[in-house]
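The following paragraphs lead through one structure, going from its pockets to a pair of helices and then to a sheet. Please keep the sequence and the model in view while reading.

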Amino acid sequence: MSNNTSVERMDKTIAALKDSFNGIRTGRASAAIFDKVRVDYYGTKSPLSQVATISIPEARSIIIQPFDKSLISEIEKGIQVADLGLNPSNDGKVIRISIPPLTADRRKELVKQAKGIAENSRTSIRNIRRDGNDELKKQQKAGEITEDDLKKMEDELQKLTDKYIAEINSIYDIKEKEIMD
């Protein structure tokens with residue numbers, strides 16, 4: 001496994017972390033919290049963003065306007081099934097959602113959830129480093145690389161690991177601040 005493979009895997013870990021964090025609601029309105037909402041659109045489960053426009057007129061409210069008005073109840077159902085803790089209401093044309101302020105306990109719960117996701121991401125990065133080091137040792141044993149190359153490449157892999165762990169910590173700090181805001 002080359003360092004390029006490690007970089008690809010580490011990049012995917014960061015992308016998965018960001019995706020998971022998008023699903024954690026903060027006290028502010030955000031279109032990203034609907035990324036996992038699926039709507040039954042003629043027998044196909046489609047992302048909400050493909051069947052409606054999501055707008056945020058103010059910090060604590062969201063308006064969802066379906067491209068096809070007949071989807072309004074399906075969209076409402078999709079939001080409720082996604083278990084986001086939101087209560088959609090519709091007037092036949094658009095769905096309005098008011099984002100309730102988070103309680104102190106709920107904020108702590110969400111921070112704890114985010115911390116767990118971040119720790120899992122750090123573990124994934126360390127596992128990728130371990131796999132890379134194992135592969136390098138095999139290459140050295142097989143005579144494909146020298147002892148010096150092995151050391152150099154292990155050092156590079158460690159620097160890469162440190163860089164990605166720091167990125168995870170930074171992403172987590174931003175999310176924690178958003179939740180506590």
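What volume does the largest pocket have? The largest pocket has a volume of about 220 Å³, in a model that is predicted, where local features need pLDDT of at least 70 and side-chain atom pairs count only at pLDDT 80 or more, while totals for chains, interfaces and linings use all residues. Residues are numbered from 1 along each chain as its sequence is written, and side-chain values use heavy atoms, with hydrogens and water left out. A pocket here is an open set of points on a 1 Å grid over the protein atoms alone, where a 1.4 Å probe fits, with protein on both sides within 12 Å along at least five of seven lines, and its lining residues have an atom within 4 Å of a point.

H4 gives the most, with four residues. By class, the lining has seven nonpolar, three polar and six charged residues, where Ala, Val, Leu, Ile, Met, Phe, Trp, Tyr, Cys and Pro count as nonpolar, Asp, Glu, Lys and Arg as charged, and the others, Gly among them, as polar. The second largest pocket holds about 180 Å³ of space, and its lining, which includes Gly-23, Arg-25, Asp-83 and Arg-106, divides into five nonpolar, three polar and four charged residues.

Helix H1 (residues 3-22) also packs against helix H3 (residues 104-141), at an angle of about 170° and with the axes 10 Å apart; the axes are lines fitted to C-alpha atoms over the stretch in contact, and angles run from 0 to 180 degrees between N-to-C directions. That angle makes H1 roughly antiparallel to H3, a term kept for angles over 145 degrees.

The strands to consider next form an open sheet of four, in the order E3-E4-E6-E5, with antiparallel pairing; two strands pair if DSSP finds at least two bridges between them. Strand E3 (52-58) and strand E5 (89-90) stand at the edges, each with a single partner strand, so one side of each is left without a neighbour in the sheet. E5 is joined by two bridges to strand E6 (residues 95-98), and the two run antiparallel, with Arg-96 in E6 as the bridge partner of Ser-89.

Methods. Parallel < 35°, antiparallel > 145°, perpendicular 65-115°, else oblique. Points joined across faces, edges and corners; volume = space filled by probe spheres on them.
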